Amino acid sequence: MKKRVRVYLLCGLAALLAALVTPASMAQEEKPFAEQKFVLQISDMDPDKQTLVLNVASNIIKYYGPDKADVEIVAFGPGLRLLFAENSNAGRIDGLTQSGVRFAACGNTIAKMTQTLGNEPPLNEHSTVVPGGIVRIKDLTDQGFLLVKP
Amino acid sequence: MRTKLSKKLLLISITWLVVTLASGPANAANWLMLQGTEPAGSADPVRVWGFVQVQYQKDYSDPNPAGGYIPPKLIQPNWDSQSAFNVNRARIGARGVAMPLDSKINYFLLLEMGNNGITEPGGSFAKMTDASMTFNHLKGARIRAGLFKYPGSEEGLQAIHVFDYINFTWATAQMMLERFPNRDYSPNIPAQPLPPEVSLNGFDDGVGAFRDVGVQLFDTFKVGESWELAYAGMIGNGNGLNFSDNNSNKNYYLYATAEKLFGGGRGPRREGLKFFAWYQDGKRTADLTNDDLHNPEDYDRERYGVGVKFLRNGWRATAEYMKGKGMIWQAPHNPSFGIGPGQGNPNAPGNGAFAKANGWYVEGGYRFAGTKWELDARYDVYNRLDGDRFEIKFKRTTLGVQYFFNPRVRIAFNYEFRSADAVNFPSGAGPNAQVGGIDNRLGVQITGIWSQ
């Protein structure tokens, strides 16, 4: 009995750790029935690009449906501004998150910006920090995600 | 006593806490936010923009019975003909965030190169109309510093390139668009033949352009699902577009709005029902006495107003009432603010130094859905030197049509039915000898806005 409980606890802990440390695998687990998979890249400073990438995400979800489309927006370089907590598109990001869109923030860019600003920029609560934006994109494309750079 | 003060301080603290907690990014900007702040995290470091307005105006006023014309019967800003083409505004500006990674500091620059009251007199090639920085670090209390539009009347505060008419209302043009007295007393300029023998503009400086150099505290708050409150308090030199002050007095400005948002439109065309009120107070130093001495005095200048603006589903309606006390400007050819016995004597009837004035307007417009056409109509009244023997009542009805080639380029046609009457004088007598012949005006204006 005690041994069974210990096994259950260990399995639960393993599952919890897996969820925390393997964002790559989360993509398939998040949308298990998704037939269409898109990774959208934003790496530009241009505010029009911010609007465009959010529009593209919204259009994909609208066309295929939130359950049939798996969309992740990866922001790195100057494009990371989209995921700043104060960004004026926060409301749209909130809405897209509720439709299942994920937002990944490049850790390398954050480190560089921290160095420049003297403090780490606060990020949108819906963003997940990944070690590298390009690496994240590579991982997703290896899993069959279509890369789109609006 | 100590208990009462503590309670007051506690109440103020709680109020500030509630307001601060309720504040958040406004859904869409109002004039305070549109001019001088940038969308957080999504603004360009540098965005170059500008606009051009090219117009033609023809005035149908009669000359004075004794001959000659006064400025209300001529085309501004040169006051030398009754019909003219003009590039009345040509502005280029840059705005953005000082540093892309830090949206908290914004800047706004604008340069005027058109031919209008800003660059005339003096024939300036260009004049800086805006040079400001905004610091958005304190929630509920943004700080804007530099040269920029002070918070005030709707026609003055709103962006001129989206203004729906060619000319301001009488009250805005005369009571709010400030002219600054010359350093020394300057006599009135008599009515002039065409072409004028001397310039009918007796002022040395250009108009204030609804701007001042100073510091403003402001912000906008969302309240509930669809209400937005905004406030602004500013202290400035009270010297218009001049970078320095000409006296030690300062001008104070207060402004507040409450707007019910309807959810449609954006930026200047955001749909809502807005209630607004404003107040400004200051002193002007002027030598208005005709005594061959340089003996300037300080004169109070107070202005205030309330209004409401509605915009929804293509319909627009605005109403505003404005009042002024002190430094009531008469006309470009009366640079020391006096007419009749008031000329050179601030204490005599006909002098604007201590006078009052008031004005109001109602206007409306409808943009036909699915088309590029809009109809506009406005009625405005201005009572200058209210209660004075030389009081003049100005009235105007403006009918307008606008055609939008695209959202940034439009052509406007205005026809104004104008009249002026010195209410205490019979027809043709006293000031009526000059203003009695003020008549209608036709205007056509093309506006082109461009932005990176």
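Colleague: Strands count as paired when DSSP finds at least two bridges between them. With that settled, which residue of β5(A) is the bridge partner of A:Phe38?

Modeller: A:Leu146 is the bridge partner of A:Phe38 in β5(A). In β2(A), A:Phe38 has A:Val71 as its bridge partner. The element names follow DSSP runs numbered from the N terminus, with helices being H or I of at least four residues and strands being E of at least two. This is a predicted model, in which local features need pLDDT of at least 70 and side-chain atom pairs count only at pLDDT 80 or more, while totals for chains, interfaces and linings use all residues. Residues are numbered from 1 along each chain as its sequence is written, and chains are lettered from A and ligands numbered from 1 in the order in which they are written.

Colleague: How many bridges does β1(A) make with β2(A), and how many with β5(A)?

Modeller: β1(A) is joined to β2(A) by seven bridges and to β5(A) by three. The strands run parallel in the β2(A) pairing, and also in the β5(A) pairing.

Colleague: What is the strand order in the whole sheet?

Modeller: The order is β4-β3-β2-β1-β5 in chain A, an open sheet of five strands with parallel pairing. β4 (127–130) and β5 (146–148) of chain A each have a single partner strand and stand at the edges, so one side of each has no neighbour in the sheet. From one strand to the next the twist averages 25°; axes are lines fitted to C-alpha atoms, for helices over the stretch in contact, and angles run from 0 to 180 degrees between N-to-C directions.

Colleague: And what joins β3 to β4(A)?

Modeller: Four bridges join β3 (residues 102–106) of chain A to β4(A), and the two run parallel. In that region A:Cys106 stands opposite A:Val130 of β4(A).

Colleague: What is the overall layout of chain A?

Modeller: Chain A has six helices and five strands, running α-α-β-α-β-α-β-α-β-α-β from the N terminus. Of its 150 residues, 35% count as buried. Buried means that 20 or more other C-beta atoms lie within 10 Å of the residue's own, exposed means 12 or fewer, and partly exposed is in between, with C-beta atoms placed from the backbone. In β1(A), five of the seven residues are buried.

Colleague: What handedness does the unit of β1(A), α3(A) and β2(A) have?

Modeller: The β-α-β unit of β1(A), α3(A) and β2(A) is right-handed. That is, with the strands pointing away from the viewer, the path from the first strand over the helix to the second runs clockwise.

Colleague: Which residues of α3(A) are buried, and what covers them?

Modeller: The buried ones are A:Pro47, A:Lys49, A:Gln50, A:Val53, A:Leu54, A:Ala57, A:Ile60 and A:Ile61. Their cover includes β1 (36–42), β2 (69–75) and α4 (90–98) of chain A. Just after α3(A), A:Gly65 has a positive phi of about 100°.

Colleague: Changing topic. How many residues of chain B are in contact with chain A?

Modeller: In chain B, 11 residues are in contact with 14 residues of chain A. The chain B side divides into six nonpolar, three polar and two charged residues. Contact is C-beta atoms, placed from the backbone, within 7 Å. Ala, Val, Leu, Ile, Met, Phe, Trp, Tyr, Cys and Pro are nonpolar, Asp, Glu, Lys and Arg charged, and the others, Gly among them, polar.

Colleague: Where in chain B is B:Pro121?

Modeller: B:Pro121 is in the loop between β3 (102–112) and β4 (127–135) of chain B. Its peptide bond with B:Glu120 is cis, with omega about 0°. A cis bond also joins B:Leu194 and B:Pro195, with omega about -5°; B:Pro195 is in the loop between α4 (170–176) and β6 (211–223) of chain B.

Methods
Two residues are in contact if their C-beta atoms, placed from the backbone, lie within 7 Å.
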